[in-house]
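Please look at the sequence and the model below before reading on.

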Amino acid sequence: MMTRFVCLALTGMLSALPAFSQSNALDPALALYAAAAYDDALNALDQLRTSARAQDTARIEYYRALCLLAIGRTTDAETAIEQAVSAEPFAQPSEADASPHVRAQFREVRRRVLPAIVERRYAEAKAAFDRKDLAAAEKFRDVLALIDEPDIQDVAAQPTLSQMRALAADYLALSVQRR
């Protein structure tokens, strides 16, 4: 009963994610989830994973996490959360959308994976800057915003992310000047 409540409470968090481009393709999985047919919903979501576009990954993985949490597969749910965070690092459940326990699970996974995402995004931004790509400024803004995420403030002051913050701010300024 508690698991069902936790999972239903999480459904609202998905509004922060980008809209699923093929919502009708997701509808059968959502109907199965709503009917508490979590294993069947997982099967449908797994089929969608193989054909999904990159921008749909976060939404699919969040629903997978909900189903996995509902059936008590916490380790698999953490993997789905990792994949969702990797696809959309700014999306997370709000206080209104999820129980404290579920938000804590998401926070813990984000705390673990965000530093690597920051490093990857910084490398992508730097490569864009080196190519004189005008989108570099926005990429550096994202890096700075990720470093400022509350979930990683305990590691943001460590040398790696602290230096990356300074470099990203400098490259952002240079990128803006190029425009």
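Helices here are DSSP runs of H or I with at least four residues, strands are runs of E with at least two, and both are numbered from the N terminus. The model is a predicted one, in which local features need pLDDT of at least 70 and side-chain atom pairs count only at pLDDT 80 or more, while totals for chains, interfaces and linings use all residues. Residues are numbered from 1 along each chain as its sequence is written, and side-chain values use heavy atoms, with hydrogens and water left out.

**Helix α4**

- Helix α4, which covers residues 57-70, has 14 residues and reaches 20 Å from its first C-alpha to its last, close to the expected 20 Å, where the expected span is 1.5 Å times one less than the number of residues.
- Because 13 of its 14 residues are buried, α4 is largely enclosed by the rest of the structure; buried means under 20% relative accessible area, exposed means over 50%, and partly exposed lies in between, with a 1.4 Å probe and protein chains only.
- Just after α4, Gly-72 takes a positive phi of about 80°.

**Aromatic rings**

- Rings of Phe, Tyr and Trp (its six-membered ring) pair if their centres lie within 6.5 Å, and planes under 30 degrees apart count as stacked, over 60 as edge-to-face and the rest as tilted.
- A search of the whole structure finds 6 aromatic pairs.
- In the pair of Tyr-122 and Phe-140, the ring centres are 6.0 Å apart and the planes stand at 65°, so the pair is edge-to-face.
- Since Tyr-122 lies in helix α6 (residues 100-130) and Phe-140 in helix α7 (residues 136-147), this pair ties together parts that are 18 residues apart in sequence.
- Phe-140 also pairs with Tyr-171, and here the centres are 5.4 Å apart with the planes at 10°, so the pair is stacked.
- This second pair links distant parts of the chain, as Phe-140 is in helix α7 and Tyr-171 is in helix α9 (residues 159-178), 31 residues apart.
- Tyr-122 counts as buried at 13% relative accessibility, Phe-140 counts as buried at 0%, and Tyr-171 counts as buried at 18%.
- Ring pairs link Tyr-122, Phe-129, Phe-140 and Tyr-171 into a cluster.

**Lys-139**

- Lys-139 lies in helix α7, and at 31% relative accessibility Lys-139 counts as partly exposed.
- Leaving aside residues up to four places away in sequence, Lys-139 touches Glu-124, Ala-125 and Ala-128, where contact means heavy atoms within 4.5 Å.
- Lys-139 and Lys-126 are 13 residues apart along the chain, and their C-alpha atoms are separated by 8.6 Å.
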